Amino acid sequence: MSNASLVIANWKMNGNRALTRNMSEVLRDNQADFKGVNVVICPPYTLLSEMAGHIYYDDVALGAQNVSEYESGAHTGEVSVAMLQELGVEYVLLGHSERRAEQHESDQLVAAKAATVTQAGLTAVICVGEDKAQREADNTWSVIQAQLEKSLAGLSAKQMARVVVAYEPIWAIGTGETASPAQAQEVHAKIRGWLVENYQQVGAKTPLLYGGSVKANNAESLFSEADINGGLIGGASLNGEDFCAICRAAKG
Ligand SMILES: O=C[C@H](O)COP(=O)(O)O
């Protein structure tokens, strides 16, 4: 049985206009297989408008991979929440490990962005995860807990109702080395416990996604775990058939 109801495609710095059309058509043609599963596509900024024009049915939403913490003004190269809203964006990925590593995004910056996004009524998808050395040193939970505490700092219960948490072990991203369902569930159960302790009923309902080499052939076993409510999909979201297979696994 699947416990998943949300599947998010993160195209990262991949894709083109042809892929937006192809993905929309494949999703439309297969939608009956995963009715009720919320599907979100996060293409690069430049393809958001194109993707918005090709979304053919209700259960697919548009997401962005990043946003500025500022509302407007002299911030060359940045994109605001209002700009995303104008395109129909409903979800924003924040604190992905690639941005934490390559753009040196801190937990504090992630928290500022999460405040802006949730205040505007969009959903913030907060990414957390440990690297290989941290796991091998048995520090997985202390790393995740610190990221949660700092990246969600200052959010009200109302804002927390617009948060999704994505657990993405860095050693499993793009490597083909997936966390086993039991390894993922162990961390998800701790995240759930922490959310309930800190945000009570709201925390009990926060969707928890797993990300890291989720493929058509391992999605079903991951999604059958009690606290895995869906997936954040990188590589396998660049192919319509593969992505639909993962959405089908979420439907169960
Ligand atoms: O945001 C998605 C994750 O980084 C997972 O990427 P992946 O499925 O290519 O391992």
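Start by selecting Glu 168, which you'll find in the loop between β6 and α9. Keep in mind as you click around that this is a predicted model. Is Glu 168 buried or exposed? It counts as buried, because 27 C-beta neighbours sit inside 10 Å and the cut-off for buried is 20 or more. Now show its contacts. Leaving out residues up to four places away in sequence, Glu 168 touches Ser 97, Cys 127, Gly 129, Ile 173, Gly 211, Gly 212 and Leu 232.

An unreviewed UniProt entry places the feature "active site" at His 96 and Glu 168. The two are spread over 73 residues of sequence, yet they cluster in space, with a largest C-alpha distance of 8.4 Å. His 96 lies in the loop between β4 (89-94) and α4 (97-102). His 96 is buried as well, with 28 other C-beta atoms within 10 Å.

**The "binding site" residues**

Clear that and select Asn 10, Trp 11, Lys 12, Gly 174, Ser 213, Gly 234 and Gly 235, which UniProt lists for "binding site", again in an unreviewed entry. How far apart are they in space? They span 226 residues of sequence, but the largest C-alpha distance is 13.8 Å, so to the eye they form a cluster. Zoom in on Gly 174, in the loop between β6 (163-167) and α9 (181-205). With 12 C-beta neighbours inside 10 Å, Gly 174 counts as exposed. Gly 174 touches Gly 234 and Gly 235, if you ignore residues up to four places away in sequence.

Is Gly 234 buried or exposed? Gly 234 is buried, with 22 other C-beta atoms within 10 Å. Its contacts, again without residues up to four places away in sequence, are Asn 10, Lys 12, Ile 173, Gly 174 and Gly 211.

Then pick Ser 213, in the loop between β7 (208-211) and α10 (219-223). Ser 213 counts as buried, with 20 C-beta neighbours inside 10 Å. Check the backbone here: Ser 213 has a positive phi of about 55° although it is not a glycine. That's worth a look because most residues other than glycine have a negative phi.

**Another positive phi**

Select His 104 in the loop between α4 and α5. What is its phi? His 104, not a glycine either, has a positive phi of about 55°. His 104 is exposed, with 8 other C-beta atoms within 10 Å.

Switch to cartoon view and colour α5 (residues 107-119) and α7 (residues 140-151). Their axes come within 8 Å and cross at roughly 45°. The two helices are therefore oblique to each other. To see the contact, show side chains for Asp 107, Gln 108, Val 110, Ala 111 and Ala 114 on α5, and for Gln 147, Lys 150 and Ser 151 on α7. By class, this contact has three nonpolar, three polar and two charged residues.

The axes of α7 and α9 come within 11 Å and cross at roughly 40°, which makes α7 oblique to α9. Their crossing is right-handed. Which residues make the contact? On the α7 side you want Thr 140, Trp 141, Ile 144, Gln 145 and Leu 148, and on the α9 side Val 187, Lys 190, Ile 191 and Trp 194. Colour them by class and you'll get six nonpolar, two polar and one charged.

For the last stop, select α1 (residues 17-30) and α11 (residues 240-251). They pack at an angle of about 40°, with their axes 9 Å apart. That makes α1 oblique to α11. The crossing of α1 and α11 is right-handed. Asn 22, Met 23, Val 26, Leu 27 and Asn 30 in α1 meet Gly 240, Glu 241 and Cys 244 in α11. Sorted by class, the α1 and α11 contact has four nonpolar, three polar and one charged residues.

Methods:
Residues are numbered from 1 along each chain as its sequence is written. This is a predicted model: local features need pLDDT of at least 70, side-chain atom pairs count only at pLDDT 80 or more; totals for chains, interfaces and linings use all residues. Axes are lines fitted to C-alpha atoms, for helices over the stretch in contact, and angles run from 0 to 180 degrees between N-to-C directions. Helices (H or I, at least four residues) and strands (E, at least two) are DSSP runs, numbered from the N terminus. Angles under 35 degrees count as roughly parallel, over 145 as roughly antiparallel, 65 to 115 as roughly perpendicular and the rest as oblique. A crossing is left-handed if the near helix is turned anticlockwise from the far one by less than a right angle, and right-handed if clockwise. Two residues are in contact if their C-beta atoms, placed from the backbone, lie within 7 Å. Ala, Val, Leu, Ile, Met, Phe, Trp, Tyr, Cys and Pro count as nonpolar, Asp, Glu, Lys and Arg as charged, and the others, Gly among them, as polar. UniProt positions are given in the numbering used here, feature names are shortened, and annotations may be inferred rather than shown by experiment.
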